[in-house]
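I opened a new page in my notebook for this one. Here is what I looked up, in the order I went through it.

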Amino acid sequence: MMIRLLFFVVLILALGFGFAWLADRPGDLSIVWQDRRIEMSLMTAVTAIVSLIAAIMISWWLIRTILMSPRTVARYFRANKRDRGYQALSTGLLAAGSGDAAMARKMNKRTKGLLKADQEPLIHLLDVQAALIEGRHDEARKLFEAMAEDPETKLLGLRGLYLEAQRQGADEAAQHYAETAAEQAPHLPWAGAAALSYRTREGKWDEALQLLARQRQAGTVEAAAADRTKAVLLTARARDNVDNDPSSARDDALNALKLAPAFAPAAVIATKALLRQDNLRKAAKILQTAWKTNPHPEIAEAYVRARVGDTSADRLKRAERLEKLRPLNPLSLDVVARAALDAHEFDLAREKAKASARLQPSEGIFLLLADIEEAETGDQGRVRHWLSQAVRAPRDPAWTADGYVSETWEPVSPVTGKLDAFEWKVPVEQLAGPSIDNQPPEQVFERAMASLPPIRENGSAGADKTSTAGVPIADPLVEAVVPSEKPEEPPQPAPKAKPAVIVDMEKVKDPAPEPAKGNGAGPPSAVEPEAQPKEKAGVTAPQPQAAESESAVDKSPEEKDDAASADKKPVKADPEAEARAKESAFLTHRPDDPGIDVNAEPEKPGRFRLF
């Protein structure tokens, strides 16, 4: 349209310029034809010629319009019908997208009356959408199969069949449709992603790499995403071949590191392959480079324990080397603290663990502090303190994918089958943690240190403390429960304490003598259990030595035999006395200290170790 308008303007300008040029140069024109002489001016002659040409052109346009009018009218009505058909098709597709089944079905019938299905493939799509909305899945599947036979709608039919197979849970059929679409059109993102997912689920890493290369050539995957996916696939193949073919596993892992230098699993697998080839120097160099790029616990573990047969002191030196590479890093300090604990360097372990807790308090570092306290001091109060801090501290990150937590990295999610789904982060189910998660790290650790109980003087690591009664003592509370006696004397049996018995202390101090059986006036008998001093808080007080000696001298032989037989009877524990003893033991501790079980087995060091 613009070109025509421009041409018209240029033509008018040319005519005006021509007439102006002729007006400035007047002249006469004489024509002699068949003995007739015609004379006129030049301007008149030019005007007559132009008018004649214009008349001829207008006449031709009128004649052509009259001759083409039937076809023009038919084309107008046909175009109007096509426009109404496309309008109905557009309305039907919008209705299908919004879930209006009745409107979609109505517009589908109208569209079929206005347009031909063989000329417009979108009519098949509207028909399928209407069937899906109404729940006629069998009919929709047949329509998709018919579309898959048509070259123009084949890819659309394959996608519909793929989605229907997924809805019904037919994984094999869905895989077939996806791979067929990916082979015919590698540029389709859904087909390539689905085919890649199915091949990675089955562990077909070679086929997955080939498919990824075709997708990258087609331009459906960005370069950065393709490099990351290729690194994951190479790492997965290297992990499967590290035992059988260390050379190929090494090459794959190194290529993965080139594509993703911060990918910790690739560095660990490359190290394993190199160590199988006795190339410790290169393995250590790879781990050091990976540690500088992205510190990770698995990298630290592989580096510290790279050489078999190292002593704990050698492992501590390697851990300190990692700390030099990344100073003032919580993970570096944590690694040194664990190595120092294995080497029994408790002061160094505690110093590094506290420094790591100040920078980034977490569950693992507080468990490590509990390990250090248990190994060095054996103070159960301090151990329980660090354990309580670990319960309330932020959780440690782990390999997580779709809510699933794994101890090791996996290339594919076991829940959804997604490739490269595992991330090193705090598990999702533990995000809604305690209230101290939002506190500054320094404040969390300072509060923990402020509430740390002091070290008890009689609690030390490795000390096998036992009471005179043969009961192990790990806490001063036990001394209040177990009576102390001389080592050379055997423990006296505790007399039976009767519940709810009120003892008159005046009668106990001055008991009335009982007549002897034989002579009628014997010495006073031994005090009955009710008249003995009442047990305090469940603690059995031993009888005074003087009282025992006097009663033993004054007793007759028959009474001595009766007392000996009474002592041999088993003594039953009083429930109320035990409850009072537990209550007294609890009150002697801090309010948040649950107490110590005397009869519990000694705990083994290292039970709170994370790795």
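I began at Asp420, which sits in the loop between β4 and β5. (Helices, H or I of at least four residues, and strands, E of at least two, are DSSP runs numbered from the N terminus.) Before going on, I noted that this is a predicted model, where local features need pLDDT of at least 70 and side-chain atom pairs count only at pLDDT 80 or more, while totals for chains, interfaces and linings use all residues. Residues are numbered from 1 along each chain as its sequence is written, and side-chain values use heavy atoms, with hydrogens and water left out.

Back to Asp420: its phi is near 60°, a positive value in a residue other than glycine. I wrote that down because most residues other than glycine have a negative phi. Asp420 counts as partly exposed because its relative accessibility is 23%. (Buried means under 20% relative accessible area, exposed over 50%, and partly exposed in between, with a 1.4 Å probe and protein chains only.)

Where is Leu328 placed? I found Leu328 in the loop between α15 (312–325) and α16 (330–342). Leu328 is not a glycine, yet it has a positive phi of about 55°. With 75% relative accessibility, Leu328 counts as exposed.

**The sheet**

Next I traced an open sheet of three strands in the order β4-β3-β5, with antiparallel pairing. Its edge strands are β4 (404–406) and β5 (423–425), each pairing on one side only. On average, neighbouring strands here are turned by 45° against each other, direction ignored. (The axes are lines fitted to C-alpha atoms.) Strand β3 (residues 398–401) is joined to β4 by three bridges; two strands pair if DSSP finds at least two bridges between them. I also saw that Ala401 stands opposite Tyr404 in β4.

**A patch on the surface**

I then looked up a nonpolar surface patch whose members include Met2, Phe7, Val9 and Leu15. One member, Val9, lies in helix α1 (residues 2–24). Val9 is partly exposed, because its relative accessibility is 40%.

**Whole-protein tally**

How many helices and strands does the protein have? I counted 25 helices and five strands. Buried residues make up 32% of the 611 residues. For contacts (heavy atoms within 4.5 Å) between residues at least 6 apart in sequence, 56% join residues at least 24 apart.

Key: Patch = residues over 30% accessible without salt bridge, like charges linked within 9 Å, V, L, I, M, F, W, Y side chains within 5 Å. Areas by Shrake-Rupley, 256 points an atom, 1.4 Å probe, with all protein chains shown as cover. Salt bridge = Lys/Arg side-chain N within 4 Å of Asp/Glu carboxyl O. Axes fitted to C-alpha atoms, helices over the stretch in contact; angles between N-to-C directions.
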